[in-house]
Amino acid sequence: MASIEFRSVTKRFGDTLAVDDMSFRIEDGEFFCFFGPPLAGKSTILRMILGLERPDSGEILFDGRPVTEVGPAARNVAMVFQNLALFPHLSAEGNIRFPLLERKVEAGSIARRVAEVAEKLHIGHILHKLPAHLSGGERQRVAIARALVRDPVAYLMDDPISALDARLREEMRVELKRIQSELGRTLVYVTHDQEEAMSIADRMAILEAGAIRQIGSPTDAYDRPASDYVARLLGAPPMNLLQGSAVDGEFRLADGAIALPLSGVPEGTVTVGIRPENLSLAPPASGAGATVFEVEPLGGFTVVTLSAGEDRVRALLRGQPKVETDSRVALAVNPAAVHFFAADGRALSAASV
Amino acid sequence: MTSIRLDHLTKKFGSFAALKTMDMEIRDGEFMALLGPSGCGKSTTMNIIAGMEGPSTGRVLFGDRDMSGVPMPKRGVGFVFQNYAIFTHMNVRQNLAYGLKVRGTPQPEINRRVTTIAEFLQLTQFLDQPSAKLSVNILQRLAIGRSAIVEPAIFLLDEPLSNVDAAFRAVMRTELKHLQRQFKQTMVYVTHDQLEAMTMADRIAVMDHGVLQQVGTPLEVYNNPANVFVARFIGSPGMNLVPATLVERDGQLRADLGAAGISAPLAPELAAAARTAGAGEVWYGFRPEELSVASGDAGLAAGVTFVERIGSRTVVHFDIAGEPAKGVFENDVALQEGSAARLAPGPDAVRLFDRQSGNAIGGSTHGLH
């Protein structure tokens with residue numbers, strides 16, 4: 001198994017800068033996610049790890065050894081294609097065996113390798129079944145077994161479960177995480193789904209326009225976003241980002257529509273970031289407050305969207321509180337959970353929080 | 001303004017019954033979500049309402065008017081598909097104006113409505129841009145705008161948000177709901193995403209295998225699901241269901257969960273309903289959000305199999321007597337993977353379902369929280 005490192009890697013396609021002077025190190029055995037919107041560079045990074053694209057400049061290293069000039073086959077990195085890519089006419093065993101047949105491995109050793117891998121993934125009892133007769137989780141294990149049988153140095157997955165419906169995705173990601181931690185192998189995973197990335201990654205890189213904006217554990221990125229960009233991408237509903245400034249010990253929105261009792265607001269015009277779960281509603285004091293725009297019940301939680309001037313502010317409340325649309329409410333903030341961002345989006349540390 | 005009545009609708013494709021006897025009333029001005037997994041019959045239902053397909057049997061009525069034989073263009077419905085059809089050779093303004101133009105609406109009125117809808121959907125800055133170059137998010141808003149601008153009495157949307165990113169989806173949900181509340185159209189919204197249905201709809205029609213499972217407000221279907229399908233499908237995560245046997249202990253009805261132990265006494269109303277129904281073998285159900293960690297020997301024995309922190313909350317996966325279950329907790333929850341825990345579902349949070357039929361036992365009157 002291997003660590004994977006990029007050193008100042010740049011990749012252009014014509015005029016498009018797909019990956020911009022990027023450096024990172026994925027540790028051996030880590031579940032590492034690349035997360036970002038379309039065209040952020042996620043798939044180009046994967047293709048460079050696989051050896052399908054060559055960087056224009058910079059170096060790629062596996063376990064400290066340069067592999068930039070090494071071809072895809074010799075890198076021995078496995079792309080795991082998901083359930084849809086299993087051959088429907090082959091049994092689970094036939095599917096797992098396929099990469100070895102392709103590589104002309106001799107028969108005795110094929111049988112041994114398939115048995116080993118099947119045991120590791122607890123699928124010995126379903127080897128005879130066709131993919132159509134397997135559950136989603138079983139198909140996933142077979143797909144991984146097919147990659148594992150080659151004994152690769154790392155696994156790559158490109159948005160593997162995005163085609164599944166929400167409920168199945170919730171189950172599959174946990175299954176994936178479990179398999180990866182059982183196997184203890186490096187897994188590089190690309191997703192555009194923040195919830196998925198946060199749920200399964202040991203560490204994640206948040207990408208924008210070919211650059212890493214933040215790298216760290218999901219908890220770190222969620223609790224301490226380095227910029228308003230990262231803050232906005234993680235969390236559902238997303239973080240409230242409101243422009244304004246400190247006036248008489250209160251934070252006032254730019255258009256004066258709401259005032260929040262916050263201490264430690266940095267000087268000048270800043271953006272204040274408050275996660276919806278750190279806002280609560282209170283009866284309005286005279287004159288102050290915001291108007292309830294919409295109320296969205298989730299069952300265990302309720303999202304209340306407030307309209308305050310041009311801004312919309314979302315609060316995520318526990319349970320099923322009775323809140324009327326078009327009523328007036330005041331906002332209370334958990335002051336320990338407020339973020340400040342400069343005009344260029346960089347996170348500022350609060351003056352005295 | 002129009003109500004929609006689905007009267008004994010069925011639809012067969014060859015020998016496959018896509019829809020088995022659908023009876024439902026969608027009220028005038030109501031936002032109704034048709035919710036279910038793929039193949040449940042929700043899109044078939046919508047296509048029949050739109051007039052794209054005819055039912056095998058039964059009728060669709062708009063108000064008192066039988067729509068049998070009325071072709072789609074004459075039904076006065078606005079339709080937004082998941083693959084939005086935008087004229088790429090036109091700019092945003094022309095796309096928005098198109099539906100009004102073909103109806104011969106006077107130009108000043110067209111201008112007024114384009115301005116209003118563009119503002120509403122935050123399209124104003126794009127009005128003069130060619131639509132070929134717009135992002136998916138903007139195209140989606142344009143598709144909604146183009147249908148909404150003709151102010152149809154009935155607005156049908158088929159998974160309109162499935163191709164857009166999560167943050168935008170959250171914003172659009174709120175805006176769509178607000179749009180509907182303003183214009184008071186009868187809105188039928190097809191989705192497989194329970195979150196979309198819960199957050200936007202006045203009522204939800206939950207479907208599975210061509211059969212309507214339950215119709216109710218979001219909180220009705222969440223708090224009192226009619227059967228185990230609805231219980232599992234609604235909620236994120238869905239309701240926990242553990243097989244149990246009802247037993248009398250000290251004059252009180254409890255659920256015996258085998259190796260996990262015996263539950264606290266059932267709430268009096270639920271116990272009465274279970275006794276009346278003569279229930280024995282049941283699914284013992286409780287919401288992941290309604291679970292607390294008990295101390296000592298109280299509560300049910302469980303093993304922690306996985307801990308998932310997802311931003312604002314932590315989802316803990318349990319093994320309860322061999323059955324998987326989940327709990328949603330604050331991020332400071334002190335449960336470690338591989339450890340044992342005692343769990344106590346909130347006393348009013350327990351729901352029971354008949355193990356044979358899967359139908360709810362009692363439960364129509366009590367709510368959570």
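1. In strand S19 of chain A, the bridge partner of A:Leu281 is A:Leu331. The pairing runs between strand S15 (residues 279-282) and strand S19 (residues 328-333) of chain A, in the antiparallel sense and over four bridges; strands here are DSSP runs of E of at least two residues and helices are runs of H or I of at least four, both numbered from the N terminus, and two strands count as paired if DSSP finds at least two bridges between them. Strand S16 (residues 290-297) of chain A also runs antiparallel to S19(A), joined to it by two bridges, and A:Thr291 stands opposite A:Arg328 in S19(A).

2. A word on the basis of these remarks: this is a predicted model, in which local features need pLDDT of at least 70 and side-chain atom pairs count only at pLDDT 80 or more, whereas totals for chains, interfaces and linings use all residues. Residues are numbered from 1 along each chain as its sequence is written, while chains are lettered from A and ligands numbered from 1 in the order in which they are written.

3. Chain A holds an open sheet of six strands, in the order S13-S12-S11-S14-S20-S21, with antiparallel pairing. Strand S13 (259-260) and strand S21 (347-348) of chain A stand at the edges with a single partner strand each, so one side of each has no neighbour in the sheet. Within this sheet, strand S11 (residues 240-247) and strand S12 (residues 250-253) of chain A pair in the antiparallel sense over four bridges, and A:Gly244 stands opposite A:Leu253 in S12(A).

4. Chain B has an open sheet of five strands, ordered S12-S11-S13-S19-S20, again with antiparallel pairing. Its edge strands are strand S12 (252-256) and strand S20 (360-361) of chain B, each of which pairs on one side only. Strand S19 (residues 351-354) of chain B pairs with S20(B) in the antiparallel sense over two bridges, and the bridge partner of B:Leu352 in S20(B) is B:Ile361.

5. The contact between the chains takes 34 residues from chain B and 35 residues from chain A, where two residues are in contact if their C-beta atoms, placed from the backbone, lie within 7 Å. On the side of chain B that touches chain A, the elements giving two or more residues are helix H5 (166-183), helix H6 (194-200), helix H7 (218-223) and strand S15 (300-310) of chain B. H5(B) supplies the largest share of that side, seven residues.

6. Helix H5 of chain B has 18 residues and reaches 26 Å from its first C-alpha to its last, close to the 26 Å expected at 1.5 Å a residue; the expected span is 1.5 Å times one less than the number of residues. Its buried residues include B:Met172, B:Arg173, B:Leu176 and B:Lys177, a residue being buried if 20 or more other C-beta atoms lie within 10 Å of its own, exposed if 12 or fewer, and partly exposed in between. Just after H5(B), B:Lys184 takes a positive phi of about 55°.

7. In chain A, the buried residues of helix H3 (residues 92-102) are A:Ala92, A:Glu93, A:Asn95, A:Ile96 and A:Arg97. These residues pack against helix H4 (107-120) and helix H5 (136-148) of chain A. H3(A) is followed by A:Lys104, whose phi is positive, near 60°.
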